[in-house]
Amino acid sequence: TSVHAAGLVISDGDMTDYVPVYTTDGSSYITQYEMKPTEKVGLVKFDFLGLKTLTVIDKAVRMVRDRLQPDLTISDIPMDDEKVFSLLSYGHTVGVFQCESGGMTQLIRKLRPSSFEDVVALVALFRPGPLGSGMVDDFVERKHGRQEIVYPHPLLEPILKDTYGMILYQEQVQKIAATLARYSLGEADLLRRAMGKKIPEEMARQKSRFVDGSVENGLEQKLAEDIFELMAEFAKYGFNKSHSAAYGLVSYQTAWLKAHYPEEFLAASMTCDMDHTDKIVRYTEECRQLGFEILPPDINRSLSTFDVPEKGKLGFALAAIKGVGETVLQLLISERQKQGPFSDLVDLARRVHLGKVGKKTLQLLTAAGAMDAFGFRRRDLDAVIPAIVDFSVQCHEANSAGQRSLFSLGTDAVTERGAPWELTLKPARKTWDIVDLFSEKKLLGLFLSGHPLDFYSMDVRHFGVGVGDLRKRVMSLPAPTAASGRGTGRGGGLPFNLVALLTAVNYRRTKKGALMASLRLEERGAAVEGVMFEKQLTGVTLPEVDHPVLVRGQAEMGEDGQMRLSIASLSSLEELRQERVRAVCVTLSSSVADEISPEVFSGQLKQLFEQYQGSCPLRLKIEFPSARVALRETKIAVELSSGFFRDLDQLTSGTHQVDYALHV
């Protein structure tokens, strides 16, 4: 049995007096008649549409009330806010209801709405009919005064003024009929239906009625016939204005919140889309575009939802970590809110029954970076989580049995003896490395603590530019024009050598059947899309995703303000290093050897160099507090692979420096 997702019927008495009913659970009921027969027996049907965006608005308003403006009421905001129209006109539409798609954003930038009526019109205009008929272009041209606005009759001006002389809404058809031909509102609704369904017999009858009524009202017959034909033509694309206005209002309210309280609005949007990784990534990029800092998840600060701790900062939600349940998180969050942050792992184990939290949840929190506050490397902490959970279970079982003196928070036997895992955990300068970042991305959907490309700064310095620097260079170019050929896909633009992380490759066919690939290239805080066509793809094997690459091609800024890359070639950094680097210099900090003993450290170094033995000569330098010492010929040669740099970083806790000597 199918059930309408939002349909409710209302009667003035017992429902069984009108229709047979059906139930599965004894508490909720549905009609056994379908929609139209149900209406025919006299029941009133309503469709109540649930919109996630209304929840976003509600959450954002609550956050603003809690932090900034206690008396904010969304229904009282001004409807003529220039800041809203400016935000829309510049195409900053991420998160704005009904306005996020590329096509809609492009239309908004062309229209440059300056009133609420323009926002309402956008919803009606962005449909296949108006877009395909040329009606949208005429609307834009008339708004900006580049096309004359003509009214077939003076009586039509007040009806069509808001839509620049064009019939856009079904209600305008009704109003024209009522004004010119003296239709009743009921008759006008029948005319609207007839035009929408295009029934020839009914249209002929309505035309006769409209023309006769208009002539009686003083219009010439020819003019009345022309106006009817105009109405019939526009009625093909006519939209219900009440629907468009309701959606337009929600669009305006979301734009207003984004214009005035962007942090709260984006935090609310991300909270409502926690289960959609692609949307979280998009919102995060928008935050970075706006200059906001995204704080990584932190067991001592984060909430289960996205939050705004202060202006310009958003906190990542603990519940957005894949595999972590919100119910379990409340055990941690409620305890922290009652008694304050957890000072160390022993404090955490005693205050929260970690047996109820679970080893798996703690391991996920660790891998996501939420336990970094305790200062241990993630992989070291992960190894002792079973022992921490066992310790916590013993503490809480002892408390339940009344042995409070043994496991109290004061100085006792356990405190003096120390927790069993503390002997194996040593504080680390940096809690994560490049391997941890990829685990973090699997759980969060994005790199947050750092970015893998941070480990390849020497490659960026020697071989090309990063995404952010390339965007700055392209933005400094003259604005694209059709005459220049830039921004139109016909070549031109800025030649570039880009070093970035390849994070996605999608193949597809053009309309002509040719193969092409869309590539996503990232660095910390910046990303760009590029395309490769069949000619460039022929005979080429692209590197695997999540590998650093060198990309060559041309970059241009489109009319929509987005940078576009046309990629001529792409190669892995490992291949490039083999061709260009004649020697690598590694500078180590003496303090690392001091921490784990010089003998152990030198043994680990030797093992690393043997594991990655290759053909590139390696020069070693040791940096002391007062001097930098270069070792004499070491006769060590290594393979400059990503694995070598990754393991070197793990060994040195990221304190080393790398430089290249290049072939001329």
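A residue is called buried when its relative accessible area is under 20%, exposed when that area is over 50%, and partly exposed in between, with a 1.4 Å probe and protein chains only. Because its relative accessibility is 26%, Gln-147 counts as partly exposed. This is a predicted model, in which local features need a pLDDT of at least 70 and side-chain atom pairs count only at pLDDT 80 or more, whereas totals for chains, interfaces and linings use all residues. Residues are numbered from 1 along each chain as its sequence is written, and side-chain values use heavy atoms, with hydrogens and water left out.

Gln-147 lies in the loop between α7 (135-143) and α8 (157-160), where helices (H or I, at least four residues) and strands (E, at least two) are DSSP runs numbered from the N terminus. Leaving aside residues up to four places away in sequence, Gln-147 touches Asp-138, Glu-141 and Arg-142, a contact being heavy atoms within 4.5 Å. From Gln-147 to Gly-196 the separation is 49 residues in sequence and 28 Å in space, C-alpha to C-alpha.

On the surface, Leu-8, Ile-10, Val-44, Phe-46 and Phe-48 form a nonpolar patch with about 470 Å² of accessible area together. The elements giving two or more residues to this nonpolar patch are β1 (7-10) and β4 (44-47). Accessible areas come from the Shrake-Rupley method with a 1.4 Å probe, and for residues only the protein chains shown count as cover. Val-44, found in strand β4, is partly exposed because its relative accessibility is 42%.

Strand β11 (residues 547-557) is mostly covered, with 8 of its 11 residues buried. Its pairings are listed below; two strands pair if DSSP finds at least two bridges between them.

| Strand paired with β11 | Bridges and direction |
|---|---|
| β8 (residues 494-509) | 9 bridges, antiparallel |
| β12 (residues 563-572) | 9 bridges, antiparallel |

Pro-495 has Gln-554 in β11 as its bridge partner, while Glu-556 stands opposite Arg-564 in β12.

The protein chain averages a pLDDT (the predictor's confidence in each residue, from 0 to 100) of 88, and 93% of the residues score at least 70. Over residues 405-417 pLDDT stays under 50, as it does over residues 482-491. Where pLDDT is low, the predicted coordinates should not be read in detail.

Notes: Patch = residues over 30% accessible without salt bridge, like charges linked within 9 Å, V, L, I, M, F, W, Y side chains within 5 Å. Salt bridge = Lys/Arg side-chain N within 4 Å of Asp/Glu carboxyl O.
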